[in-house]
Amino acid sequence: MKIGFIGVGQMASAIITGIKQTGHEIIISGSSLTRSQEIAKNLGLKAALSHQELVDKVDLVILGIKPQLFESVLSELDIKKPIMSMAAGVTLNRLAELTDSSLPLIRIMPNMNARILQSTTGISYNHLVNEDLKASIREIVDSFGTSYELAEKDFDTFTALAGSSPAYIYLFIEAMAKAGVKNGLSKAQSLEIATQTVIASAKNLIESEDSPHALIDKICSPGGTTIAGLMDLEKNGLTHSVVSAIDTTIGKAKNM
């Protein structure tokens with residue numbers, strides 16, 4: 001399959017790194033021909049002379065442009081190929097309005113972990129995407145992480161859980177590191193310990209048949225240090241704070 005990227009920012013560049021491993025041919029078109037050629041050279045790709053030339057040459061168009069540019073960019077193009085968008089807030093219906101309602105349309109929501117090919121990515125399709133194309137899309141998306149097919153109505157929730165939550169996780173790790181510093185460890189050592197523990201704990205959860213609650217019970221001994229710390233976290237409202245943050249993120253996404 002020939003895949004064309006219109007817009008090649010940081011996220012698109014990360015995604016391209018994964019797709020290159022699949023053997024698909026990739027062509028790009030950036031904000032200008034000079035910029036396209038510069039990025040293409042850095043990524044080891046071909047650059048189209050224009051957005052329309054790219055559209056005419058490829059089998060799938062991936063839009064890596066910012067949401068506010070969709071109308072101005074798409075209004076100048078005649079696209080008769082399947083389109084995949086990674087823009088937050090641009091629905092499949094809106095994409096159909098800006099292009100052609102008879103086209104197969106795909107919406108994805110990757111997260112920043114795409115840069116290490118570990119993105120958690122949501123996928124939604126319109127009714128014109130057939131099973132063969134779905135299989136190709138999943139192969140493409142899985143090249144830079146793990147994909148989840150979702151109803152589009154669930155995209156805002158997915159974005160909060162997978163797109164925004166890395167920032168919350170980094171905040172938790174930073175808080176753990178500060179606690180280590182408060183109690184005598186260096187910031188570098190505390191940060192490394194907290195980060196490694198989060199990575200290993202997540203891996204343990206994935207590989208275990210236990211639920212998070214069951215694993216918590218295995219760590220806590222009666223009258224021990226861990227249960228004392230957990231009770232303090234709940235006294236200060238950790239669970240409520242996390243749920244509230246996710247709800248606030250979802251609410252903001254729905255009103256954008």
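**Note on salt bridges and cores**

1. Glu-149 has a relative accessibility of 42%, so this residue counts as partly exposed. The model discussed here is predicted. Arg-138, at 27% relative accessibility, also counts as partly exposed. The side chains of Glu-149 and Arg-138 form a salt bridge, with an N to O distance of 2.5 Å. This pair links distant parts of the chain: Arg-138 belongs to helix H6 and Glu-149 to strand E8 (residues 145-149), 11 residues apart.

2. The whole structure holds 15 salt bridges. One of them joins Lys-46 to Glu-25 at 3.9 Å, N to O. Lys-46 is in strand E3 (residues 46-47) and Glu-25 is in strand E2, so this bridge ties together parts 21 residues apart in sequence. Lys-46 is exposed at 56% relative accessibility, while Glu-25 is partly exposed at 30%.

3. A salt bridge of 3.1 Å, N to O, connects Lys-80 and Asp-100. Lys-80 sits in the loop between helix H4 (70-74) and strand E5 (83-85), and Asp-100 in the loop between helix H5 (92-98) and E6, so parts 20 residues apart in sequence are tied together. Separately, Glu-71, Arg-94 and Glu-97 make up a network of salt bridges.

4. The largest nonpolar core has 29 residues, and those touching the most other members are Phe-5, Ile-19, Ile-28, Ile-106 and Ile-137. Among the elements giving two or more residues to this core are strand E1 (2-6), helix H1 (10-19) and helix H6 (131-142). H1 supplies the largest share, five residues.

5. A second, separate core contains 23 residues, including Val-61, Ile-65, Phe-70 and Val-73.

Terms used
Residues numbered from 1 in each chain as written. Predicted model: local features only at pLDDT ≥ 70, side-chain atom pairs only at ≥ 80, totals over all residues. Heavy atoms only, no water. Core = buried A, V, L, I, M, F, W, Y, C linked by side-chain atoms within 4.5 Å. Buried < 20%, exposed > 50% of the residue type's maximum accessible area, 1.4 Å probe, protein only. Helix = DSSP H or I, 4+ residues; strand = E, 2+ residues; numbered from the N terminus. Salt bridge = Lys/Arg side-chain N within 4 Å of Asp/Glu carboxyl O.
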